[in-house]
Amino acid sequence: MIIRPHYMKMLKTYRDVPLVKILAGVRRCGKSTILEMLRDDLKNDGVPDDHIILERYTSEDMDEDLTNKEMYSSIKDKMIDEDKYYILLDEVQEVDGWEKAVNSLLENTNTDIYVTGSNSKLMSSEISTYLTGRYISIPVFTLSFAEYLDFKKTSGTPAKELLNEYIRTGGFPIVALGNFDDRSAYQIVEGIYTSVITNDITRRHNVTNFDLFNRVVKYVVENVGKPFSANAIVKFLKGEGRSLSVEAVYNYIEWLEKAFVIYRCQRYDLQGKSVLKTQDKFYLADASLKYCIMGFNSKSIASMLENIVYFELMRRGYEVYIGKLNTREIDFVAVQRDERVYVQVCRNLPEDSDREIGNLLDIKDHYPKYVVTLDELAGGNVNGVKIVHLSDFLLSDRL
């Protein structure tokens, strides 16, 4: 098992803190394995095996529908003394009312509780009702490039080649663990995507017109990193002779967000210092999701570089926005407490550098500013704007 230090450090920070730790992310991003890592870490720290209770609630692991009362009883029955128990619950969203069972365990037993899930029902009003102020959300993403290198360190492949591989095949751990060509990798990711769509969207929300839903998904995937407009989708579909309401489009988008397939990035007005309510952009949980649906196209790399940088900033704990500066756009404004980072992303320097650097120089503050590129000429800075290669940006200890 290859350890993911970022998550283990975070879980260690919150160990024995009286909060439910909720790890949420797209299916197959590694949440179950992180629970196994946590179990092993607890054992290494001297926690007895019988005081670590790991339960899985995937459809494959459950013979029948489980009620929250049965869930509570089955866990409680394993607790034979008053010592602390570590409760690790995988894919809890499959149990209706799971939050009631977890709340009862939290209130009535000496426990430290960790749960995972693949649907943001985990962040719903029910949790606010039963676990108000007593949980912390830990987003789990597919592999960062640093983690990808750890997964591939025995392959003998040069880092430059691994970066190209990472850009093409993404960061799902199951793909990184193998030695797949692009086509095989996309087939694996397509299976993950189909599972998400089937289990977390079409079945859960009773989608009847699957073909139309799929067309909306394809449109969103084609337009990753571009301003979103439900009206534009409706108009586009009308041009194809299909009819769909704006409300239905918003529902589809919400379901994709709740299944962690796409992530919303809002626009921030740097002059007015306010979050804007229009022209959000969406990014895919993993770049490979685009290629498994649309096929790989080298022309799409530029938008997927944005996708990769967006999630690197998210992994590092930043709140990430699209920056608006008069009529100009900053690809990313990343905010963390009193820190701020500005990032422009471009594939090549000669054709794009003047515009990218110029946009950043128009920001009159002293926070770090980066142009991130795949260009081998990357390096140095222009009037304080750092020009960095993508690999250096992804592997830097701090921004």
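In this predicted model, strand 11, which spans residues 369-373, is mostly covered, with 5 of its 5 residues buried. The side chains of strand 11 point two ways: Lys369, Val371 and Thr373 point to one side, whereas Tyr370 and Val372 point to the other. Residues on both sides are buried, the charged Lys369 among them.

The pairing of strand 11 with other strands comes next. Strand 10, residues 339-346, runs parallel to strand 11 and is joined to it by 5 bridges. Within this pairing, Cys346 has Thr373 of strand 11 as its bridge partner. Strand 11 is also joined to strand 13, residues 385-389, by 5 bridges, and these two strands run parallel as well. Here Val372 is bridged to Val388 in strand 13.

A further part of the model concerns two helices. A packed pair of helices is described by the angle between the axes and by the distance between them. For helix 10 (residues 210-222) and helix 11 (residues 230-239), the axes come within 11 Å and cross at roughly 120°. Because of this angle, helix 10 is oblique to helix 11. The crossing of helix 10 past helix 11 is right-handed.

The contact between these helices can be followed residue by residue. From helix 10, Leu212, Arg215, Val216, Tyr219 and Val220 take part, and they meet Ala232, Ile233, Phe236 and Leu237 of helix 11. By class, the residues of this contact comprise 8 nonpolar, no polar and 1 charged.

Note on methods:
Residues are numbered from 1 along each chain as its sequence is written. This is a predicted model: local features need pLDDT of at least 70, side-chain atom pairs count only at pLDDT 80 or more; totals for chains, interfaces and linings use all residues. Side-chain values use heavy atoms; hydrogens and water are left out. Axes are lines fitted to C-alpha atoms, for helices over the stretch in contact, and angles run from 0 to 180 degrees between N-to-C directions. Helices (H or I, at least four residues) and strands (E, at least two) are DSSP runs, numbered from the N terminus. Angles under 35 degrees count as roughly parallel, over 145 as roughly antiparallel, 65 to 115 as roughly perpendicular and the rest as oblique. A crossing is left-handed if the near helix is turned anticlockwise from the far one by less than a right angle, and right-handed if clockwise. Contact means heavy atoms within 4.5 Å. Buried means under 20% relative accessible area, exposed over 50%, partly exposed in between (1.4 Å probe, protein chains only). Two strands pair if DSSP finds at least two bridges between them.
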